[in-house]
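Reader: I would like to learn how to read helix packing, chain contacts and backbone geometry from a set of coordinates. Could we work through them one feature at a time?

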Number of protein chains: 2
Amino acid sequence: MTLESFFQQVRPSIETALDGALPSEDRSPPVLHQAMRYSVFAGGKRLRPALCLAGFRAFSPEWRTALPVAAAIEMIHTYSLIHDDLPAMDDDDFRRGRPSCHKRFGEATAILAGDALLTLAFETVARAGGLQPERLLRAVRMLAEAAGTIDGMIGGQVLDVQATASGIDGSALEAIHRAKTGALLAASVSIGAYLGGADAARLADVAGFGRSIGLAFQIVDDMLDETVPAEALGKTPGKDREHGKATYAAVHGMEASRRMVARLTADAMEQVRPLGSDGVLLGEFARHLERRAR
Amino acid sequence: MTLESFFQQVRPSIETALDGALPSEDRSPPVLHQAMRYSVFAGGKRLRPALCLAGFRAFSPEWRTALPVAAAIEMIHTYSLIHDDLPAMDDDDFRRGRPSCHKRFGEATAILAGDALLTLAFETVARAGGLQPERLLRAVRMLAEAAGTIDGMIGGQVLDVQATASGIDGSALEAIHRAKTGALLAASVSIGAYLGGADAARLADVAGFGRSIGLAFQIVDDMLDETVPAEALGKTPGKDREHGKATYAAVHGMEASRRMVARLTADAMEQVRPLGSDGVLLGEFARHLERRAR
């Protein structure tokens with residue numbers, strides 16, 4: 001199965017899972033549920049849930065079982081975008097080519113919509129059927145750690161806000177990128193593999209794969225901010241540079257950044273080689289993410 | 001055992017559980033962990049964790065088993081206070097007699113510290129040992145529902161922000177209060193009872209008790225805002241009235257509010273009567289909360 005046909009297969013199911021898990025817009029309070037749905041259904045590529053399902057599928061064909069967990073991961077990703085865009089944080093007026101959540105619904109509602117998506121994510125995992133409770137409880141923990149403060153998404157965001165391109169070295173920058181973006185991407189594929197039944201050795205392979213593509217993904221993001229026009233990016237380009245942000249492009253330059261992405265992609269593909277044909281789809285994923293940088 | 005001696009017994013253990021679950025202040029990023037600890041260790045009365053442990057204790061003597069879950073509930077309560085105080089929300093500069101989290105650490109850090117406490121709460125439940133995974137998974141769900149958008153804390157907060165004293169009727173006001181404050185208080189005691197091993201009938205009794213004291217608690221809060229001087233309240237008094245907020249004091253008057261609290265307290269004590277001597281401590285809790293209104 002090619003990555004393209006995999007995406008075509010799973011994306012409609014991911015949309016359905018999200019739609020089923022999110023309260024409808026007429027439930028009270030309507031404005032809150034509208035804001036949650038506005039941001040969740042803003043045209044995201046569903047990369048993280050797809051990675052979760054691909055990780056699951058490498059060990060079990062019953063990938064539909066993991067759909068609630070995949071949806072929960074997308075909710076956590078979406079909450080982080082809503083809060084990152086707030087005036088007190090990155091102050092972004094646009095997201096995916098539309099007004100960001102707080103521009104559309106006001107700051108208070110945006111803060112609460114983010115809180116609500118984070119809360120609903122854990123509720124959705126806890127409600128998932130068809131998987132053993134101890135495995136789902138472990139998924140709650142893996143997800144919370146990836147989204148948390150120690151080498152996780154929130155910790156990375158704090159370090160990122162504090163960092164500037166002029167005052168940072170390469171290893172500190174790498175730690176920020178691994179935490180801010182890498183941790184949730186890596187957890188997506190690891191949680192999928194774990195719920196699919198991976199043993200400890202294979203889970204370690206997949207976790208290594210996840211860390212490699214997680215870092216590569218954020219480096220590519222830094223590069224896209226430099227090179228892609230606003231309409232294609234869906235948000236304000238060049239903003240990182242303008243604000244003296246610590247990005248790979250600013251610290252290492254574009255050419256070195258491109259080489260790092262190539263090396264991380266090769267690492268990732270090597271890490272899933274032991275899975276044989278079951279790991280081919282994950283390898284395709286790594287190559288797909290690299291191609292974004294071209 | 002009197003309520004006083006129960007509090008004396010459990011409070012140090014609750015503090016220890018919170019201290020053990022929260023990353024230390026020197027872990028990276030320090031400012032984030034400082035902000036989390038600043039708000040968690042601000043002198044809160046630990047009412048919700050104590051209720052959780054009292055609910056557990058009504059069905060099992062091993063209340064220490066529930067300490068991680070009790071700590072998680074306090075984290076969720078604290079996150080809600082941090083986000084409620086933000087300029088875009090209630091815009092409160094003081095909390096428990098000290099600068100609120102965003103006044104002390106800045107808005108971005110306060111938003112992220114709240115997010116982090118919410119995330120850590122679920123991680124803490126998922127890490128709890130000594131209880132069956134399916135019970136802990138159910139606790140995750142009960143906690144997320146109580147903190148969520150449908151009749152839960154976030155939903156109540158949105159409705160509360162929208163409501164004004166002049167444009168609301170009694171039943172809408174009651175629904176807001178039940179969601180905003182009541183849901184988490186009720187969940188605290190219900191989750192404790194559930195983890196302690198309550199059967200369905202007794203769990204229903206405890207849930208009814210929790211709903212009664214949850215509503216009574218918020219009515220008392222409305223009344224205290226009218227009557228208590230700033231230094232004793234630890235936050236700006238009379239603010240609700242000044243902002244035309246929909247409070248019981250404003251909509252029903254002080255005397256009717258007091259009568260409602262008395263009725264809800266009597267209801268609550270009636271609801272735990274079937275538990276016999278195991279329910280005495282919970283009954284004391286209800287009376288204790290009523291006394292705050294005097």
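Reader: Which residues in α3(A) meet which residues in α4(A)?

Author: Please keep in mind throughout that this is a predicted model. From α3(A) the residues are A:Arg48, A:Pro49, A:Cys52 and A:Leu53, and they meet A:Val69, A:Ala70, A:Ala71, A:Ile73, A:Glu74 and A:His77 in α4(A). By class, the residues of this contact divide into seven nonpolar, one polar and two charged.

Reader: How should I describe the geometry of such a pair?

Author: Two packed helices are described by the angle between their axes and the distance between the axes. In this case α3(A), residues 47-57, and α4(A) pack at an angle of about 150 degrees, with their axes 8 Å apart. Angles over 145 degrees count as roughly antiparallel, and α3(A) and α4(A) are therefore roughly antiparallel to each other. Their crossing is right-handed.

Reader: At what angle do the axes of α10(A) and α15(A) cross, and within what distance do they come?

Author: The axes of α10(A) and α15(A), the latter being residues 280-291, cross at roughly 15 degrees and come within 9 Å. Angles under 35 degrees count as roughly parallel, so α10(A) and α15(A) are roughly parallel to each other, and their crossing is left-handed. On the α10(A) side the residues are A:Phe209, A:Ile213, A:Ala216, A:Phe217 and A:Val220, which meet A:Leu282, A:Phe285, A:Ala286, A:Leu289 and A:Glu290 in α15(A). This contact has nine nonpolar, no polar and one charged residues.

Reader: How can the spacing of those residue numbers be understood?

Author: An α-helix has 3.6 residues a turn, so residues three or four places apart point the same way. With that in mind, one may look again at A:Phe209, A:Ile213, A:Ala216 and A:Val220, which are among the residues of α10(A) that meet α15(A).

Reader: What span should helix α7 of chain A have, and which of its residues are buried?

Author: At 1.5 Å a residue, the 15 residues of α7(A), 133-147, should span 21 Å, and the end C-alpha atoms are 21 Å apart, which agrees. The buried residues of α7(A) include A:Leu136, A:Leu137, A:Val140, A:Leu143 and A:Glu145. Their cover includes α4, α6, α8 and α9 of chain A, together with α6 and α7 of chain B.

Reader: Which peptide bond of chain A is cis, and where does its proline lie?

Author: The bond from A:Ser28 to A:Pro29 is cis, with omega near -5 degrees, and A:Pro29 lies in the loop between α1 and α2 of chain A. In chain B, a cis peptide bond joins B:Ser28 and B:Pro29, with omega about -5 degrees.

Reader: Is A:Arg46 buried or exposed, and what is its phi?

Author: A:Arg46 is buried, because 22 other C-beta atoms lie within 10 Å, and its phi is near 60 degrees, a positive value in a residue other than glycine. A:Asp91 also has a positive phi, near 50 degrees, but A:Asp91 is partly exposed, with 15 other C-beta atoms within 10 Å.

Methods: Residues are numbered from 1 along each chain as its sequence is written. Chains are lettered from A and ligands numbered from 1 in the order in which they are written. This is a predicted model: local features need pLDDT of at least 70, side-chain atom pairs count only at pLDDT 80 or more; totals for chains, interfaces and linings use all residues. Helices (H or I, at least four residues) and strands (E, at least two) are DSSP runs, numbered from the N terminus. The expected span of a helix is 1.5 Å times one less than its number of residues. A residue is buried if 20 or more other C-beta atoms lie within 10 Å of its own, exposed if 12 or fewer, and partly exposed in between; C-beta atoms are placed from the backbone. Two residues are in contact if their C-beta atoms, placed from the backbone, lie within 7 Å. Axes are lines fitted to C-alpha atoms, for helices over the stretch in contact, and angles run from 0 to 180 degrees between N-to-C directions. Angles under 35 degrees count as roughly parallel, over 145 as roughly antiparallel, 65 to 115 as roughly perpendicular and the rest as oblique. A crossing is left-handed if the near helix is turned anticlockwise from the far one by less than a right angle, and right-handed if clockwise. Ala, Val, Leu, Ile, Met, Phe, Trp, Tyr, Cys and Pro count as nonpolar, Asp, Glu, Lys and Arg as charged, and the others, Gly among them, as polar.
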